[in-house]
Amino acid sequence: MYYSTTYSSPMGTITLACDEGGNNLVGLWTEGQKYHGNTILEAMTENNHMPIFDTAKKWLDRYFAGEKPDISELSLAPIGGEFRQGVWSILREIPYGEVITYGSIAKKMAEKMGKESMSSQAVGGAVGHNPISIIIPCHRVVGSNGSLTGFAGGVQMKIKLLELEGVDLTGMFVPKKGTAL
């Protein structure tokens, strides 16, 4: 069984999901986000009184107030296969206010998996399916040419989150549809 609640943020309504014990956050999706709730294969029951929800909401309050809460303050349990888990682990290491490229993540994943190379597109798929958006900072991933692409919440939300974190967007751009990572 999974539980859900909502949180009102400057980015709109956010849905939070946790496991049955209420100790692990398994989902955070913004309203209208691609793949909203798709890692939870059963109906979620609304419950506003789970311990992890209180902790996550306080974390989000601080984040949207411009503070730099640490990801380690939350017990996260995103649902996904080994490859996606590996990519999401790398995402957790991206410092607040900094960005990394899909290619850099691909190199790190190739190294982890003992391969010579890894597809940036495969990494992009895993980044895009991140079920704990914002907290696991997939918005901090950009194209090697500075393109702001690949955020399931939409490029405008990605820009707002990066601006909130004080990222210098000089040299970054919104690509035309159909361009590669």
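Author: Arg-62 counts as partly exposed, at 29% relative accessibility, where buried means under 20% relative accessible area, exposed over 50% and partly exposed in between, with a 1.4 Å probe and protein chains only. This is a predicted model, in which local features need pLDDT of at least 70 and side-chain atom pairs count only at pLDDT 80 or more, while totals for chains, interfaces and linings use all residues. Residues are numbered from 1 along each chain as its sequence is written, and side-chain values use heavy atoms, with hydrogens and water left out.

The side chain of Arg-62 meets that of Glu-67 in a salt bridge, at 3.3 Å from N to O; the term requires a side-chain nitrogen of Lys or Arg within 4 Å of a carboxyl oxygen of Asp or Glu. Glu-67, at 40% relative accessibility, is likewise classed as partly exposed. Arg-62 also forms a salt bridge with Glu-73, and here the closest N and O atoms are 2.7 Å apart. Since Arg-62 sits in helix H1 and Glu-73 in the loop between H1 and H2, this pair ties together parts that are 11 residues apart in sequence; helices (H or I, at least four residues) and strands (E, at least two) are DSSP runs numbered from the N terminus. Glu-73 has 38% relative accessibility and counts as partly exposed.

The structure holds 3 salt bridges, and another of them brings together the side chains of Glu-165 and Arg-140, at 2.8 Å from N to O. This pair links distant parts of the chain, with Glu-165 in the segment after H5 and Arg-140 in the loop between H4 and E6, 25 residues apart. Both Glu-165 and Arg-140 are buried. Through shared partners, salt bridges join Arg-62, Glu-67 and Glu-73 into one network.

Not counting residues up to four places away in sequence, Ile-135 touches Leu-25, Leu-28, Trp-59, Leu-60, Ile-71, Leu-74 and Leu-76, contact meaning heavy atoms within 4.5 Å.

Ile-105 is one of the buried residues of H3, together with Tyr-102, Ala-106, Met-109 and Ala-110. They lie on the same side of H3 because they cover an arc of only 140° around the axis, the arc being that of the directions from the helix axis to the C-beta atoms. Lys-107 and Glu-111, on the other side of H3, are exposed. The buried residues of H3 pack against H2, strand E5 (100–101), H4, strand E6 (141–142) and H5.

As for the chain around these parts, it has 5 helices and 6 strands, which run β-β-β-β-α-α-β-α-α-β-α from the N terminus on. Buried residues make up 48% of its 181 residues, and among contacts between residues at least 6 apart in sequence, 61% join residues at least 24 apart.
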